[in-house]
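Let us take a walk through this structure together. Please have the sequence and the 3D view ready.

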Amino acid sequence: MTWVTGWPLYGLTSAVQAKSKQTLAKPNMRNIVVVDGVRTPFLLSGTSYKDLMPHDLARAALSGLLHRTSVPKDVVDYIIFGTVIQEVKTSNVAREAALGAGFSDRTPAHTVTMACISSNQAMTTAVGLIASGQCDVVVAGGVELMSDVPIRHSRKMRKMMLDLSKAKTLGQRLSLISQFRLNFLSPELPAVAEFSTNETMGHSADRLAAAFAISRLEQDEYALRSHSLAKKAQGEGLLSDVVPFKVPGKDTVTQDNGIRPSSLEQMAKLKPAFIKPYGTVTAANSSFLTDGASAVLILAEEKALAMGYKPKAYLRDFVYVSQDPKDQLLLGPTYATPKVLEKAGLTMNDIDAFEFHEAFSGQILANLKAMDSDWFAQNYMGRKAKVGSPPLEKFNIWGGSLSLGHPFGATGCRLVMATANRLQKEGGQYGLVAACAAGGQGHAMIVEAYPK
């Protein structure tokens, strides 16, 4: 076993032993499978994707999925995409991307938004459509382009411009123009902040780390673990969901560009990003603004087999949770994990692969501590006992959002495909995907490996 600064780099040599467990198939319920999934390389915002629009990335993910699976376009019953910061010209980005990728114009498509679990919502919506018999074949995905977020005029400026467009006479126009003041030109920038509390997510993560007594060093060590594992997984070709993307007028992008293992010495030099001067959350132990898109092909099992596919995994039980957005903004995995395990009749020991979204090192470590605390379970969750902390040798061993990147709307599909691919490679049976999201919400889902 190799160690980096106190964090074990598990999964580098050992494989999960295959177990013969009971499947989670339910009587009188359709089995729903993932055939495959792809994503564009996830890039730091402001790099190679900076001149594109969101539907360009979403279209690339859809085209990559078509190429990977050879699914006939006219067989797809429905397309759902998640996104968070919408481009106003393509508010239903799922539809625009689908048309651009050459899907039938008779295939309906809609877009969902649920902060960082938007593509999770796209996938579970697909599960619902298939389970209810409405559809057999659904494509779910997500996209985010942080390189070009909408920046609005101030409200006063917007009102004046709208009133001017309605003015009928020169006198009316001059009267409106006379009301103009220079401060009307101050733009409105989108913020990664809670509308209900007006607190940025990074500020909340810093408070959460303090509440759980997580040091700056622990956070930096966890971030270094994420980057080191991602670098190794990338080098070994394990990130097989990544498909190359030829950026118009530029080179072909083939891999994620935010994976940058540093040293604890270099990371220690960074100043706090949110709570100054004593905060512990920095640019090095936070996920970075990312551009990227993902897509997965989800089918009823009988349809997949009839089409000649060998699925990768079953999508099984899932839950959504929500908590206090002020003090428990990022604790979604803690609340969702025991619920989904109970729903599936499993325990933590049954899970072979954990894939949790890494918004911040402090957020991950706080969740691990909360999950391992009887006191927290009893006092905050109304539970008799803790669910337990995931063993690190099974946890995010191919890197996570801190290193691979986090396009808000697209991360959920990456988590599911990482889980499915890990189960296939390691011979495990059950995986657990979990994520927090703005608004104090969260998601967890059980993924079951398809029998070989």
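Two strands count as paired if DSSP finds at least two bridges between them, and strands (E, at least two residues) are DSSP runs numbered from the N terminus. This is a predicted model, in which local features need pLDDT of at least 70 and side-chain atom pairs count only at pLDDT 80 or more, while totals for chains, interfaces and linings use all residues. Residues are numbered from 1 along each chain as its sequence is written, and side-chain values use heavy atoms, leaving out hydrogens and water.

Let us begin with strand E13, residues 430-437. On one side, 4 bridges join E13 to strand E12 (residues 353-356), and the two run parallel; here Glu-355 has Val-433 as its bridge partner. E13 is also joined by 8 bridges to strand E14 (residues 441-449), this time antiparallel, with Tyr-430 partnered by Glu-448. The hairpin of E13 and E14 has 3 residues between the strands, and Gly-439 takes a positive phi near 85° there.

How many of the 8 residues of E13 are buried? The count is 8 of the 8, so the strand is largely enclosed by the rest of the structure; buried means under 20% relative accessible area, with a 1.4 Å probe and protein chains only. Tyr-430, Leu-432, Ala-434 and Cys-436 point one way, whereas Gly-431, Val-433, Ala-435 and Ala-437 point the other way. In a regular strand the side chains alternate between the two faces of the sheet.

Now turn to Thr-111 in strand E6 (residues 109-112). Thr-111 is buried, at a relative accessible area of 19%. Contact here means heavy atoms within 4.5 Å, and the residues that Thr-111 touches include Phe-81, Thr-83 and Gln-86.

Definitions and conventions. Buried means under 20% relative accessible area, exposed over 50%, partly exposed in between (1.4 Å probe, protein chains only). Lists of a residue's contacts leave out its neighbours within four places in sequence.
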